[in-house]
Amino acid sequence: VLDITIAHDFTSESGYQRVANILRSTCNVAVLVSFPCTGGCLLNAGINAKNPKCGPKLEAHFKLFKLLWRQYQRLNSEFEGINTVFEWPRFCTYWMKAMVKKLSWRLNIFYADFDGCQYGLSVDENVYLKKPWRFATNIPDILPVFNLLCPGSSESHVNQMTRGKWALSSQYYTPFMTLLIHVALFRFFQGCLLYTSDAADE
């Protein structure tokens, strides 16, 4: 697993080439993408968008998003057929941006909607975060694994709102999610190898 973080700055040429070099030099690569979504959250897209004092920050968020997305578009133009898992909260307004929908269509993307509480996202014992997540992916093996939605709170399953101090902690994948992603990717690439082997035998 190779992380590309804010320290590498994917908006820069060096950050872009770091990712490109990984794709050039490595077989069986999947790119998991999680760009900042703050500017697309419902609070900022709704209430804060009408507040002039929030204008500069919201413009900065959207400017960063566009820079990152253009680099991502560039990457997909240079490398056709990148195996992708893209992640944002399910109700992030960025999903509706024309540039996002256009690239998703080109990559043959499907959506996997799930709630974090069903995958161990919690703040305490029996107290969970019902984070409405979405994976956008062209890897079929991801879809049947990440599809569990919360049936509601109960005595043994209490949901907290994913906001304030809990929002920051919810940005990380749980160990269970990480395990499932690795298993799904293993199955996907194993299937690709079997298909290639069968084709070669023919």
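1. Basis. The model is predicted, so local features need pLDDT of at least 70 and side-chain atom pairs count only at pLDDT 80 or more, while totals for chains, interfaces and linings use all residues. Residues are numbered from 1 along each chain as its sequence is written, and side-chain values use heavy atoms, with hydrogens and water left out. Helices (H or I, at least four residues) and strands (E, at least two) are DSSP runs, numbered from the N terminus.

2. Sheet. Four strands form an open sheet in the order β1-β2-β6-β3, with mixed pairing; two strands pair if DSSP finds at least two bridges between them. The edges are β1 (30-33) and β3, each with a single partner strand, so one side of each has no neighbour in the sheet. On average, neighbouring strands of this sheet are turned by 20 degrees against each other, direction ignored; the axes are lines fitted to C-alpha atoms, for helices over the stretch in contact, and angles run from 0 to 180 degrees between N-to-C directions. The pairing of β2 and β6 is antiparallel, over 5 bridges, and W88 stands opposite R134 in β6.

3. Main core. A nonpolar core is a set of buried Ala, Val, Leu, Ile, Met, Phe, Trp, Tyr and Cys residues joined through side-chain atoms within 4.5 Å; buried means under 20% relative accessible area, exposed over 50%, and partly exposed in between (1.4 Å probe, protein chains only). The largest such core has 26 residues, and F35, W69, Y72, L75, F86 and W88 have the most contacts inside it. Two or more residues come from each of α1 (13-25), β1, α3, β2 and α4, with α3 giving the most, 5 residues.

4. W88 and the second core. Not counting residues up to four places away in sequence, W88 touches F35, P36, C37, F65, W69, Y94, W95, V100, W133 and R134 (contact: heavy atoms within 4.5 Å). A second, separate core of 19 residues includes A112, F114, L121 and F188.

5. Aromatic pairs. Rings of Phe, Tyr and Trp (its six-membered ring) pair if their centres lie within 6.5 Å; planes under 30 degrees apart count as stacked, over 60 as edge-to-face and the rest as tilted. By this rule there are 29 aromatic pairs. One of them is F65 with Y94, stacked at 4.1 Å centre to centre with 15 degrees between the planes. This pair links helix α3 (residues 55-78) to the loop between β2 (83-89) and α4 (98-106), its members being 29 residues apart. F65 is buried at 1% relative accessibility, and Y94 is buried at 2%. F114 and W133 are also stacked, at 5.7 Å and 25 degrees; F114 is in strand β3 (residues 110-115) and W133 in strand β6 (residues 132-137), 19 residues apart. Both count as buried, at 0% relative accessibility.

6. Ring cluster and charges. Ring pairs join a cluster that includes F10, Y16, F35, F62, F65 and W69. R74 lies over the face of Y16, 3.7 Å from the ring centre, and R134 over the face of W95, at 5.5 Å. The criterion is NZ of Lys or CZ of Arg within 6 Å of the ring centre and within 35 degrees of the ring normal.

7. Two serines. S170 is in the loop between α5 (165-169) and α6 (175-201) and is buried at 2% relative accessibility. Leaving aside neighbours within four places in sequence, S170 contacts L121, L129, K131, W133 and T162. S77, in helix α3, is partly exposed at 47%.
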